[in-house]
Amino acid sequence: RLEFVPAEKEALFYQVNQAILGNHGIDVQFAGIKFLESLVSEFSPSTSSAMGLPREFHEQCRRSLELDNLKTFYRWTQEAASRVTNRIIESDSAVPEPGSDWRDVLISSSHAGWLLSLYAALRLKFSCEGYWLDCPIAVSARKLIVQFCSLTGTVFLSDDGKMHEQHLLQLLSGIIEWVDPPDVVSKAIENGKSDSEMLDGCRALLAIANVTTPYAFDSLLKSMRPIGTLTFLSMLMSEVIKVLMTSNTEEETWSWEARDVLLDTWTAILTPINTINVNALLPSEGIKAAANLFGFIVECELRLASATAFNDEGDSDYLHASVSAMDERLSCYALIARASIDVTIPLLVRVFSERVARLNQGRGIIDLTETLEELYSLLLIIGHVIADEGEGEIPLVPNTIQTQFVVNAVEADKHPVILLSSSIIKFAEQCLSPEMRASVFSARLMESIIWFLARWSRTYLMSSDGIGEKIIDSGHHHEHSSKKALLCFFGEHNQGKLVLDIIVRISLITLASYPGEKDLQGLTCYQLLHSLVQQKHICVHLVTLNSWHELATAFSSEKTLLLLDTAHQRSLAQTLVRSASGIRNSEVSSQYVRNLMGPITTYIVEISSKNNFKSISQQPDILLSVSCMLERLRGAASASEPRTQKAIYELGFSVMSPILVLLEVYKHESAVIYLLLKFVVDWVDGQITYLEAQETAAVVNFCMRLLQLYSSHNIGKVNFFFSLKFRLLLFQISLSLSSSLLSEAKTDKYRDLRALLQLLSSLCSKDMIDFSSDSIEAQGTNISQVVYFGLHMITPLISMDLLKYPKLCHDYFSLLSHILEVYPETFAQLNSDAFAHILGTLDFGLHHQDADVVSKCLRALQALASYHYKETGSGNIGLGAHTVSLKDSSGSVQEGLLSRFLRSLLKLLLFEDYSSDLISVAADALLPLILCEQSLYQRLGNELIERQANPTLRSRLANALHALTSANQLSSSLDRINYQRFRKNLNSFLVEVRGFLRTM
């Protein structure tokens, strides 16, 4: 306890020390050690018990322990371990990132040496006892040794790293025995020895790599072995990979874990090569070790690919397992390859050429399955080595490829990376031959080709990356001759357009000639083609290619691509429309979109106008065609941009009436309804901010009709409510849902409602961002009325169960928060039932576990309360009757809106759990609530004070409540300065009283 006087603490800790030293027997000694462990854990805020006390109390306890007692506790446990060698420190959590004040106990005291000697002695003594490596003392000792390896910073002297180096050298001298020689250790493990020591040895190497430079890491082992640490690391990992490949099991054996830890070690060492010349990073011996290791990795991966070529266990997710799940491992392989890039790229060129030659020689003669599988694996490896993912940005040429090759621009075709890339592109081009597709290019091989082309093209194809003066350190031109040769060779003025044409033709082949191969076609649509149109300078060339126009024609006019998965068709439509950004003339760009999408809109108009459409609508081919066309419309709508906006608007306008027909005909087909709603959402979202007043009126009218029609299918009788002030036409809707909606799956309702919420949010944006030349009010359009009409209709459909869907919940409260902030005056005109329903969801959101949802509700409350306060201050009614407390039929008092939420918010802040990040936004809501309901605030404050039995705490509470509304010159205004003052006041108030109030 903090209240203990020093003498009391000293007496208590003296008894604990005596117990730990074993002066009162083994049982008491064990209890003493457990007491210290519990004490350290309890005084750490992250592991302390929930005592209902403020965080500041726990933080004060932690500081007191660390400053006054932690080193003492460490010494006691060390002394106990030295007296009783069958017990090592039971808890390793007592070293909190030590600084210089810990040097005496962690470094100068030779505790690390003592621990290593103890472990080595016990290891030797029990070497014949297989169980010993996994007994608690051995596990705890190794764990502490690994922690000693991770020490860094000011705990060591500032002596150019000499003390740190000696510390690591001492540790490594003991650790090396756990893992050397690698083949002997792995064989012993395979024969039954525990793998725990080997794994801890790998973790120790990782810990050392994380706190040293590559040069320092490599030099550590040279004082005790004829090789450097990097060479040993290469040998160790080679042995681990060999064991892993030999076992060839899906179970995660020790070799799986060892490989992952060692890959992390290489990553820690090699990550700086993305910014530093590799020769400055690694010694020559280390570069050679990386080259040897990568060569062995490639050999093993190809051997494994060949051995598993005839496995039939793969399923449709195999590609994702091969690429996505393996991406981290392949990225680590790439780092190792780049450390010796001048060796590994020629190696990959040779290995790839050998496999292609074997393929050509054996075609039609022998079974090529093993070779094809090797090529699949090889393409994944090469793709990671020569290009980065980019993570949403256009990736640069890897640093080592830029700096390690010196190539004359005239001889660019001899650049190793150009040779490798060209050979892969030339090989991929062969798939354009029907004969080669039939005999060589399986769907699986094509998956790896498409994946490689997508990754490669983002970096090298017509790259927009700057050359010359834009290159860092441009004065060292020779360092970047490699990059210049690469980007120029595949640039728009050299081979770039030719390669782009090949890629487009390959893409068309994958979409048209591999029916049913969803993974392959998904890669083509979502990765390859999508990445091409993301770069405008490539679009400029795309739209001039005959191959691109062949793809567009096949999409719009031929039935072949109707066999694609509907989601793939949406992506393809988006890609084709987005490519119009490469057409500089706006009218030509719009005409391109009309030509592309015209047949789709014509089909929708014609099919919906057939007299017998209702009777044929359920035929499988009609249902599929309608779904495909809706997906294509949605894809085009989502690709809208200023240059093509007019054409996309015309596209949507032409199908307004047919969309309503489809909504009526397919009202029981939830999948079609969802596609229809999503198209409308994407179309409105892309168009609304650009539309002129007349166009806006047409879109709003269409949305109103769509909402009304949708509600008539899903809600009971609709009544009308009229507000003279706002001339707002609203629906008074029954809260009992129709049986048809209740019978649908929750997921269908969730998706539809989320789409409708997104539609309303898109309409809201017109009042925020409007690029039109005239005002929408000129056409009598009131966005707030439309949005409230929609919300009034949708809200009864949104049950508390549906609000448990995170995305729907976020969309609903985002919209609700927005309209209450922007249109509070319209909200005040809702009828009592609709008003009550929305307030019920607000109350639900206020106590939600997601802090973002709570924040949105608090902003909504702030908007309502501040609107009412300002309006009533000006002599208006504000929220009017909604703020008045009334008695219901049973005589119970129903509090008004503001009273209800003032009480609820105070209860939340004082007694419930919430994120501290919410305090500021809660303060912004609480201030106007207090100003609106000052008498209730005083009454609630008095009730809290009266409930407090302790006079001291009662006084503190009274003073805190007074300070909350008076400190820092707080006034009764709602300006920015006053909000800032109240935030400070609320923070101080909660620190002062929340701790003891929660214990009442």
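**A look into the core**

Modeller: The largest nonpolar core has 314 residues, and among them Ile-386 and Leu-706 touch the most other members. Please keep in mind that this is a predicted model. The biggest contribution to this core comes from helix 23 (residues 443-460), which supplies eleven residues. Apart from this core there is another one, made of eight residues, including Val-16, Ile-33, Leu-36 and Leu-39.

Let's stay with Ile-386. Leaving aside residues up to four places away in sequence, Ile-386 touches Arg-338, Ile-345, Pro-398, Ile-401, Leu-420, Ser-421, Phe-452, Trp-456 and Tyr-460. Ile-386 also belongs to helix 19, which covers residues 369-386. This helix has 18 residues and spans 26 Å from its first C-alpha to its last, close to the 26 Å expected at 1.5 Å a residue. Of those 18 residues, 16 are buried, so helix 19 is largely enclosed by the rest of the structure.

Met-462 is buried, with a relative accessible area of 3%. For a contrasting case, turn to Gln-969, in the loop between helix 47 (951-964) and helix 48 (976-997). Gln-969 has a positive phi as well, about 60°, and is not a glycine either. With a relative accessible area of 65%, however, Gln-969 is exposed.

Now for a pair of helices. The axes of helix 7 (residues 136-149) and helix 8 come within 10 Å and cross at roughly 140°. Helix 7 and helix 8 are therefore oblique to each other, and helix 7 passes helix 8 in a left-handed crossing. On the helix 7 side, the residues that meet helix 8 are Arg-142, Ile-145, Phe-148 and Cys-149. Their partners in helix 8 are His-167, Leu-168, Leu-171, Ile-175 and Trp-178.

The peptide bond from Asp-180 to Pro-181 is cis, with omega near -5°.

Technical notes. Residues numbered from 1 in each chain as written. Predicted model: local features only at pLDDT ≥ 70, side-chain atom pairs only at ≥ 80, totals over all residues. Heavy atoms only, no water. Helix = DSSP H or I, 4+ residues; strand = E, 2+ residues; numbered from the N terminus. Expected span 1.5 Å × (residues − 1). Buried < 20%, exposed > 50% of the residue type's maximum accessible area, 1.4 Å probe, protein only. Core = buried A, V, L, I, M, F, W, Y, C linked by side-chain atoms within 4.5 Å. Contact = heavy atoms within 4.5 Å. Axes fitted to C-alpha atoms, helices over the stretch in contact; angles between N-to-C directions. Parallel < 35°, antiparallel > 145°, perpendicular 65-115°, else oblique. Left-handed = near helix turned anticlockwise from the far one by under 90°.
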